[in-house]
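The tour moves from the whole chain to its parts.

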Amino acid sequence: MGTEMKCFARKAGKDAVPLVLVTATGFEDWKAELPGAEQAWLDANDFKPRPGAALLVPALSGAPAYAVVAVEEDGTGESPDYWSLAAAYKALPKGRYALPADTPGPQATAAALGWALASYRFTRYKPSAKAEEKDGSILVLTQEVDRSFVENLARSMALARDLITTPASDMGPAELADTAKALAAEHKAKFKCVTGEALLKQGFPMIHAVGRASVRAPRLIDFTWGDAKAPKVTLIGKGVCFDSGGLDLKPAAGMMMMKKDMGGAAIVLGLARMIMASKLKVRLRVLIPAVENSVSGDAFRPLDVLDSRKGLTVEIGNTDAEGRLVLADALTLALEDEPDLMLDFATLTGAARVAVGTEISAFFSNSDALAADLEDGAEAMADPVWRLPLHKPYRRMLDSKVASLNNISNGPFGGAITAALFLEEFVTPASKDHDDGDDAPTAPEWAHFDIMAWNQRPRPGRPEGGEAMGLRAAYAAIRKRYG
Ligand SMILES: [Zn+2]
């Protein structure tokens, strides 16, 4: 929106270097047609057509004639190639490069998105990174590129990345709320925030309990956008701005990365931004419980029993399983205006990382149709997800002798599943209001993402640091339904 991204240009100008895209199967034939000097140059540089490989080829004058970039075989079909151009961004010297005019639309758009994501830098504390970002390579786009989509998505992902990577000292509950408020204002969304003691008065006891030990007051961020009559999509993000583990304190290695424990909130804000900027025909609501799980004389304790907005009581088996507590109150509120679709994002369990690793977003859903849409979106947008089961028999692992349920499982296994089952308790509407039986309330379509929100290692277009995992898959699924 507004200004155009620095990494793109519309006009080639006379200094733009043409990109030549080759695939492994087409490579030898293409090469055989080249002048001998160019073949020799490719050989001398040991150029192999592995996707992402890129090489500048000079003219006889020594000036660049073109740059060859190897891309995936099927860069045109169902799953376009996002990352080969992103790799080229890094591999080629700084310059101005022109996408070939005959690149098919979906592939051109994917390539441009990869390029934009590769040009991202986290610049807040490092002037040299800022200069790098401002002064990087430029891709000259073709008419085929859906530029507003690419720029909106790249900016939405950058928002999420920036929020996650920003240290907790500058990204507490108040700063997260300020960011949400500014985003809401930009898109004329209705914003409110319930803060501190008001959480108790307005019925969010678990958000208050988790956040009350910090000098930075807990809060519930809540904004609504779009036509009130449109299908209701509600996004809920875990906003634990720093997670010390509470009294069941995390060891140093486990606490190290906990500035990213608001990754779910950041992804939800990025996704909301994308939905609003794209003007999808939905009534969007965003709910973010924003807290710091801290330690003080007022901290909640192991074996405390908390009230919840839903009325269930929750025994605390471990204060480090706090994300599900704050999410539960937000999910209960979300249900109150009967959304059609609910998605929550949370850096919830280490168990999800054990199951699928750090580069795949684990998700759970009570709807096969929604799960299929998310899987299709993941495939189309190169944003890998994997569905795990809401296996009901494991619910007994959350049984408590003194309360409706415990916040942790009584065993070491299946921790991502039991966390999801905990949330599901709060997604199923309370049946006590509907005694007649005929129209027993049903839960809305719901998916819960348990994500890393962090790139452990740099990959093309995905630098090390905060990452908006699942954002593209979720956006594609929502657009398919309500675009
Ligand atoms: Zn925790």
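**The whole chain.** Begin with the complete chain, bearing in mind that this is a predicted model. Shown as a cartoon, the chain has 16 helices and 20 strands. Its radius of gyration is 24 Å, close to the 23 Å given by the globule rule for 483 residues, so the chain is as compact as a globular protein of that length. Viewed along the principal axes, the C-alpha atoms fill a box of roughly 80 × 50 × 45 Å.

**Burial and contacts.** Of the 483 residues in the chain, 48% are buried. If contacts are displayed between residues at least 6 apart in sequence, 76% of them join residues at least 24 apart.

**The two domains.** Next, select residues 8–145, which the domain assignment gives as domain 1, and colour them separately from 154–482, given as domain 2. A distance drawn between the C-alpha centres of domain 1 and domain 2 comes to 38 Å.

**Where the domains meet.** How many residues of domain 1 are in contact with domain 2? There are 16, and they are in contact with 15 residues of domain 2. To inspect the side of domain 1 that touches domain 2, select α3 (84–91) and α4 (105–118), each of which supplies at least two of its residues. The helix to centre on is α4, which gives the most to this side, with five residues. Finally, colour the residues of this side of domain 1 by type: they divide into ten nonpolar, three polar and three charged.

Key: Residues are numbered from 1 along each chain as its sequence is written. This is a predicted model: local features need pLDDT of at least 70, side-chain atom pairs count only at pLDDT 80 or more; totals for chains, interfaces and linings use all residues. Helices (H or I, at least four residues) and strands (E, at least two) are DSSP runs, numbered from the N terminus. The radius of gyration is taken over C-alpha atoms; the globule rule is 2.2 Å times the number of residues to the power 0.38. A residue is buried if 20 or more other C-beta atoms lie within 10 Å of its own, exposed if 12 or fewer, and partly exposed in between; C-beta atoms are placed from the backbone. Two residues are in contact if their C-beta atoms, placed from the backbone, lie within 7 Å. Domain bounds come from an automatic or database domain assignment. Ala, Val, Leu, Ile, Met, Phe, Trp, Tyr, Cys and Pro count as nonpolar, Asp, Glu, Lys and Arg as charged, and the others, Gly among them, as polar.
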